[in-house]
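Subject: the two-chain model

Hi,

Here is the structure I promised to pass on.

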Amino acid sequence: MILEVKDLTLRFGGLTAVNKVSFGIEEGSIESLIGPNGAGKTSLFNCLTGFYRAQEGDILFEGKSIMRLKPHKITTLGMARTFQNLRLFKNLTVMENVMSGMHCRTSAGVAGAILRPPSQKAEEKRIRDVAMECMDFVGILDKKDRLAKNLPYGDQRRVEWARALATQPKLLLLDEPAAGLNYDEKMQLIELIRRIRDERKITVFLIEHDMGLVMKVSEKIFVLDYGVKIAEGTAQEVQNNPRVIEAYLGKEEENAV
Amino acid sequence: MKDKQTCLQTAVDKKAKKVNNPFVELIDRFYVLFDNKKVRYSVLAAALAVLLYLPMRTSMYFMEVMTNVWFHVVVCLGLNIIVGFAGLLSLGYAAFFAVGAYTTGILILHYGVSFWLTLPVSVLMAIIAGLAIGGPTLKLRSDYLAIVTLGFGEITRLAARNLDITGRATGLVGIERPTLFGMAMVKINHFYYAFLVLAVLAIFISYRLQDSRLGRAWKCIREDEDAAEAMGINVVAARLLAFIIGSVFGALAGSFMAIKMTAISPESFLFTQSVMILLAVVLGGMGKIPGVVLGALAVVVFPEVFRGIGKYRMLIFGAVLLVLMIYRPQGLWPERHT
């Protein structure tokens with residue numbers, strides 16, 4: 001288990017967004033979290049990455065609790081994320097966006113910046129090399145000098161993936177990666193998710209609305225409804241689970257005429 | 001359908017053409033020209049040669065004004081690290097050169113320490129003040145910093161006015177001027193050169209910081225705080241660092257000001273001083289180093305040029321600023337488009 005969540009509970013005042021949710025993610029797998037709108041998926045993601053502070057329960061990353069850590073610490077430990085609605089650095093170039101991911105893997109400070117000793121130069125080169133490799137991996141290397149805001153939507157998504165990959169994570173959390181993508185781009189996304197796992201040995205955990213994509217790509221699926229985990233299993237199992245069908249389509253009335 | 005599409009296409013083209021006006025093209029051409037290292041270094045060397053030669057030819061008055069420009073270049077670039085690079089609003093920047101000026105003044109007057117030895121102490125005091133102000137406030141959303149720095153500016157001034165060690169309202173008088181390699185720094189030319197060196201250093205350090213891992217982190221934080229945090233950037237620490245570096249710039253400039261003026265009083269560090277420096281940074285273009293230098297030049301030279309019309313000069317200055325902010329909110333310095 002690379003990530004273990006135990007009885008996690010998150011409340012906003014009187015509203016319980018995440019209610020005693022427990023699950024675990026196997027190292028090297030591709031797993032998904034699904035659920036109707038407002039089920040608490042993104043809230044759960046924000047708890048995992050340190051943006052929200054859950055009131056109860058525990059989150060273990062590689063066996064260590066990350067409940068009280070700040071987001072940047074969690075990223076440094078090896079858990080990267082993307083955002084549901086793109087959060088690129090819009091006025092920076094693609095290259096600068098991706099280079100930012102290497103921040104947590106490098107260390108040059110004020111003195112290094114001003115005096116530029118050989119160690120700092122070597123580090124800068126390493127940052128550039130990793131950024132180039134990540135941009136190449138997702139296929140946007142040819143747009144590296146464009147401003148992020150000037151790219152088409154599909155390419156902006158890719159920048160976000162490259163940026164997350166540049167943090168050199170062990171676990172990658174993707175929040176609705178297929179939102180706003182067309183059919184072709186979705187197919188490329190499925191292939192990319194598989195390549196991230198197979199070639200880079202990164203565990204992938206995604207939230208997704210697109211059932212087709214989720215069913216195709218994930219090895220295990222968790223279903224969340226009103227903040228409660230109602231099912232988990234393979235695509236087949238989840239699809240045939242009456243509680244899942246109920247959550248998505250509503251209950252069949254017994255005495256329907 | 002097809003008509004609609006071509007129509008749309010021409011509309012898009014028109015829009016693109018509108019951006020490519022001759023002025024913007026000219027600026028981009030200058031940028032490209034300046035990218036050439038040979039051109040860049042020869043232009044800079046020529047500019048420096050002129051600046052070094054100036055004192056031999058011009059009047060005392062002109063030297064005073066230029067020295068004041070260099071002083072403002074240093075403090076504006078310092079504030080630019082806080083406001084322009086890290087995107088924080090500081091309204092009490094004058095307090096930091098008060099910290100530097102008083103540290104140097106007190107050490108020279110009361111303890112007879114050599115000026116050059118007061119500089120590291122001044123840096124240390126700036127770091128302590130920066131930590132004390134920035135440490136607790138930078139954890140909050142950045143707007144709070146504006147209020148706290150505003151308060152700090154006033155507290156510093158009032159403390160200086162009421163403490164015995166700072167000489168109360170009269171301030172410190174008769175701060176001894178130092179010697180450099182056996183030569184006494186007494187003439188305005190000496191200070192012109194001293195502040196020129198400081199300004200060049202400030203520009204150099206600003207550029208180095210901008211093009212570094214730290215500079216990129218600041219840019220990211222300015223663009224999107226949460227995304228920066230998610231990329232593993234310690235937002236609080238990076239901001240604190242920017243705040244402290246900016247404070248150190250201010251304190252060093254303040255120390256040199258203390259020996260140039262030989263007298264400092266609480267009234268040298270008014271709120272309007274802080275606003276003037278902030279104004280120069282915004283006017284020139286936040287975060288753009290040449291723009292900030294231009295802004296510093298503008299806020300010093302403009303009131304001097306219009307000295308003839310007496311108290312109305314500030315009125316005109318205000319009107320010009322208003323017009324500039326309406327038509328060029330991004331600041332004087334032009335953006336690069338390619």
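Of the contacts in chain A between residues at least 6 apart in sequence, 66% link residues at least 24 apart; "contact" here means C-beta atoms, placed from the backbone, within 7 Å of each other. Before you go further: this is a predicted model, so local features need pLDDT of at least 70 and side-chain atom pairs count only at pLDDT 80 or more, while totals for chains, interfaces and linings use all residues. Residues are numbered from 1 along each chain as its sequence is written, and chains are lettered from A and ligands numbered from 1 in the order in which they are written.

Chain A overall

There are 10 helices and 10 strands in chain A. These are DSSP runs numbered from the N terminus, with helices being H or I of at least four residues and strands E of at least two. The C-alpha atoms fill a box of roughly 80 × 40 × 30 Å along the principal axes. Buried means 20 or more other C-beta atoms within 10 Å of the residue's own, exposed means 12 or fewer, and partly exposed is in between, with C-beta atoms placed from the backbone.

Domains

Chain A splits into domain 1 (1–78 + 169–251) and domain 2 (90–107 + 118–166), with bounds from an automatic or database domain assignment. Their centres, over C-alpha atoms, are 25 Å apart. The contact between them uses 10 residues of domain 1 and 6 residues of domain 2. On the domain 1 side, helices H2 (71–77) and H7 (183–200) of chain A each supply at least two residues, and H2(A) has the largest share with 3 residues.

The two chains

H2(A) turns up again where the chains meet. That contact takes 28 residues from chain A and 23 residues from chain B. On chain A's side, H2, H3 (94–100) and H4 (110–115) each give two or more residues, and H2(A) gives the most, with 4 residues. By class, this side has 11 nonpolar, 11 polar and 6 charged residues. (Nonpolar is Ala, Val, Leu, Ile, Met, Phe, Trp, Tyr, Cys and Pro; charged is Asp, Glu, Lys and Arg; the others, Gly among them, are polar.)

The core

The largest nonpolar core has 162 residues, and B:Val74 and B:Ala242 touch the most other members. A core is a set of buried Ala, Val, Leu, Ile, Met, Phe, Trp, Tyr and Cys residues joined through C-beta atoms within 7 Å. Helix H11 (residues 235–261) of chain B contributes the largest share, 17 residues. Beyond four places in sequence, B:Val74 contacts B:Leu198, B:Ala199, B:Ala202, B:Phe249 and B:Ala253.

Residues to look at

B:Phe181 has a positive phi, near 50 degrees, without being a glycine. It sits in the loop between strands S2 (179–180) and S3 (183–184) of chain B, and counts as exposed because it has 4 C-beta neighbours inside 10 Å.

B:Thr262, also not a glycine, has a positive phi of about 60 degrees. B:Thr262 lies in the loop between H11 and strand S4 (263–264) of chain B, and its 14 C-beta neighbours inside 10 Å make it partly exposed.

Cheers

Conventions
Two residues are in contact if their C-beta atoms, placed from the backbone, lie within 7 Å.
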